[in-house]
Amino acid sequence: VSAGAAGGGALVIGLGNPVRGDDRAGLEVARRVRERAPDAVRAIEVEREPSGLIDAWEGARLAIVVDAAAAASRPGAVHRLDASSRPLPPGLRPASTHALGLAETIELARALGRLPERLLVYAIEGERFEAGAAISPAVEAAIDGVVERVLADVGA
Amino acid sequence: MPDDGGRTIRVEALARVEGEGSMYVRLRGSEVLDARFEIFEPPRLFEALLRGRALSEAPDITARICGICPVAYQMSACRAIEDALGVAPAGPVEELRRLIYCGEWLESHALHVYMLHAPDFLGFESAFTMAAEHGEIVERGLRTKKVGNELIDLVGGRAVHPINVRVGGFYRAIARRDLERLRDPLERAREDALETVRFAASLSFPELEPDYEYVALRADDGRYPIERGRIASSGGIDVDASEFDDIFEERQVAHSNALHSLIRGRGSYLAGPMARFNLNRERLSPLALEAAREAGIGSGCDNPFQSIVVRSIEILYALDEALRLIDAYEPPDPPAAELEPVAAVGHGVTEAPRGLLYHRYELTADGRIASARIVPPTSQNQLAIEEDLRDFVAANAELGDDELTLRCEQAIRNYDPCISCATHFLRLEVERE
């Protein structure tokens, strides 16, 4: 995660772990967004813990983070949240194993005045996160829809 | 709250610990009936995932065990497989490994010192509530982390997850002029690190001095242990990685999916920054050693609550060492050793930020992994964590529920437990009869 990766434009960040089933969802979205619109948007995949995002989105007009979440309603359900002005809802806690979770990282950035101009979070509810699991059909089916919505958000 | 022998305290989620697990303490008066640190998901799934894969895949697969210390997993995996293949990477490869490993220590320790542990000492419930009042402290932590990240990014190929590391060495040797770009940020970070040591030393520490047997690597090159060394202890252990099973055993316990490690015939031990420091502190750089003296731990550190000071000393050392390695850098040529598959068993151990990380691989003649075993530092420290909890709660049973719970959480965070190396989520329960 390099500083100022956004370069004043839009930045799409996929978070996750590629070998833990549905935790791969965010990474897949970022990869497909990059393939679809390589010139219009910068998209990065982040497997490391997320506190480095505070540097990554520095200077971004719009940052969109895509992460898997623990199942709250049904696997494959997608939530689009605007984190620019308020914290992520406590009920929707991303199922990451990271020490400083995405929600905490966002609040840390807010406290330090280091949020991007606009910050959107897509949370994709998953059902299996164990090591070695494949991505579930419900989550796989949701990914392309999220890619479309992200591309629409960035105007690509 | 009166201690009437009938209290129950439960905290469902313990924040600021990497991964998931739970802690359970049961008390009658000041008598601790039970203290458990439970871990739900062992790395056994990863060991299963490795079976049948090409040996070249081990660094990439094991890097996915932890979002904080992927380099450590890669390094122990490489070492173990090279040991099996009878390959000794050339000096410049070893130096470059040490350099990228310094980056991981910086990132991991800065995250822990500033974002995870400091809030305990300063009375905040999280890094972001602390940031509202102490923005400059948090920013210092983020700057330190960023330098570590840049180092891993540059040597490792990309920050996401270092893809440049391979069995035998690196896919590509980094150019000297690229490393030179890191010199200024590293030097600035060193100034921050001196400030970090002063900050950590100024905190107040609850009392606790268990009689640990410290276990850490000790390198025959005379350097502070990071990427190699023999396994040594304050109780006289001095063995090669291949003798790991002669000295340590892993025991299944009912309340945890992770195996408990202990020294055969002796019991628990402590791995991690305090063990490294106590067994190797004379090998620190002069600047780091002087900082340790000024911080009051020049002659050793036995209070686990002071591990935050030791981590800050190791941050300073990692910066000093990274600068030294950049000064002396020679690009490895070739960047990796040639590998010839053989059917063999190999062992590797390196110093992850949290302590000893042991890997063992059994390889087939066609270059596949027949079996893998991974013993992460947190499961090695699991018994010591439980013993600390027991001792601390027994000595502090007069504290109210909230304060006691908070201190127990802090005591667990002394270990910077990376439970996802062995599992996922942490819940905390204290129960009083």
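I looked up the aromatic contacts and found Phe244(B), Phe248(B), Tyr269(B) and Tyr358(B) in one aromatic cluster. Rings of Phe, Tyr and Trp (its six-membered ring) pair if their centres lie within 6.5 Å; planes under 30 degrees apart are stacked, over 60 edge-to-face, the rest tilted.

The model is predicted: local features need pLDDT of at least 70 and side-chain atom pairs 80 or more, while totals for chains, interfaces and linings use all residues. Residues are numbered from 1 along each chain as written, chains are lettered from A and ligands numbered from 1 in the order written, and side-chain values use heavy atoms, without hydrogens and water.

I searched the whole structure and got 9 aromatic pairs over all chains. Among them, Trp105(B) and Tyr224(B) sit edge-to-face, 6.2 Å centre to centre with 85° between the planes. Trp105(B) is in helix H4 (91-122) and Tyr224(B) in the loop between strands E6 (215-218) and E7 (230-233), so the pair ties together parts 119 residues apart in sequence. Helices (H or I, at least four residues) and strands (E, at least two) are DSSP runs numbered from the N terminus.

I checked burial (under 20% relative accessible area, 1.4 Å probe, protein chains only; exposed is over 50%, partly exposed in between). Trp105(B) is buried at 0%, and Tyr224(B) is buried at 0%.

I then took Phe305(B) and Phe392(B): their ring centres are 5.5 Å apart and their planes at 55°, so the pair is tilted. Both are buried.

Last, I looked at H6(B): 18 of its 22 residues are buried. Just after H6(B), Gly157(B) has a positive phi of about 105°.
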